[in-house]
Amino acid sequence: MPTPGAMMAAEIAEQPAALARLLSEGSPAAAQARAAIEGYRPRFVVLATRGTSDHAALYGKYLAEVQLQLPAGLASPSSITVFGGRPDMRGVLFVAVSQSGESPDLVESLDVARQCGALTVAVTNNADSPLAQMAVQHVDILAGPERAVAATKTYTAQLLALHLLLGSDDATAVPDAAARTLENAEAAYAAAERFRFADRLVATGRGFSYPTAREAALKLMETSYLAAQAFSGADLLHGPMAMLGPDIPVIALAVPGRGATAMGPVLERLAAAGVDVLRVGAPDGLPVAGAGVSEALMPVVEILPLQQLAWQLALARGGDPDRPRGLSKVTETW
């Protein structure tokens, strides 16, 4: 029988090489798409996704708003596929993000967006997919085959691809930072033992780290069957804080930067409530190697110890993170 978790472990380890490959081999396609975007001069950015790619798109939304200075939002594919919406998309950059590029609702949404006047761009791991073929521009994330159900290397490659499209910072230090972060696996394994018997968990972050909090919660849900929720640090103070206490641990994204500074009052409230907090980016929590990596690119790196945590926690609880129950690698929605 296959060794439980072997595929997910291998794919986590492949990420530095996958990120380096995207920077070296994927940059021409990304540059072509970026030139098309700059020539189009969009007035708004819409991102369409499902599942893990939702969190990549949320990251893209922050990039568009902060670095492109453009308003951005996440699409509701059912408004088109179920309810027949045909919004005016003249002047809109429509970016569809999908590992497989096969989900029918994303394909139809992108097709309708094009018909309604948008410039369409697909970000996928499959250049032959319907989504890639339908888009005016396509960026192949070049992550290679991903066999484990839980997405790891395709997620970080999507983040980096979106930064090549919408960001403005130098990304050359990212692969090395990823490799050095993965070397701290023992911290993630210790955290797995700490959370082994947890039933519920909350992840939180602000700014560019908020998508990381959401992706971490999803990974813990699908691999370890935890009731994991994610909130921005600001939203956590607006009600969800009331449910927290010593029996519900919190993963807090605190990698140095403006987002971590904004998390200060949240961390103070959590400490006052006696909450068990695991800080990502802290030496006594889950260390992240961030030298040379801007805050806008940090989500590519800071998710890595959380992937390791999800993998180890699933194994500690007797599961197989390669094959979560009730899930398949490609989910087709409409």
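Predicted model: local features only at pLDDT ≥ 70, side-chain atom pairs only at ≥ 80, totals over all residues.
Which residues line the second largest pocket? Residues are numbered from 1 along each chain as its sequence is written, and side-chain values use heavy atoms, without hydrogens and water.

**View A. Lining of the second largest pocket.** Tyr62, Val66, Asp169, Gly207, Phe208, Arg258, Ser294, Glu295 and Ala296 form the lining. By class, four of the lining residues are nonpolar, two polar and three charged (Ala, Val, Leu, Ile, Met, Phe, Trp, Tyr, Cys and Pro count as nonpolar, Asp, Glu, Lys and Arg as charged, and the others, Gly among them, as polar). On a 1 Å grid over the protein atoms alone, a pocket is an open set of points with protein on both sides within 12 Å along at least five of seven lines, and lining residues have an atom within 4 Å of a point.

**View B. Salt bridge between Asp105 and Arg50.** The two side chains meet at 2.8 Å, N to O (a salt bridge is a side-chain nitrogen of Lys or Arg within 4 Å of a carboxyl oxygen of Asp or Glu). Asp105 belongs to helix H6 (residues 104-115) and Arg50 to the loop between strand E1 (44-48) and helix H4 (52-66), so the pair ties together parts 55 residues apart in sequence. Helices (H or I, at least four residues) and strands (E, at least two) are DSSP runs, numbered from the N terminus.

**View C. Open sheet of four strands.** The order is E7-E6-E8-E9, with parallel pairing (two strands pair if DSSP finds at least two bridges between them). Strands E7 (227-232) and E9 (277-280) stand at the edges, each with a single partner strand, so one side of each lacks a neighbour in the sheet.

Technical notes: 1 Å grid on protein atoms, 1.4 Å probe; cavity = no way out; pocket = protein on both sides within 12 Å on 5 of 7 lines; lining within 4 Å.
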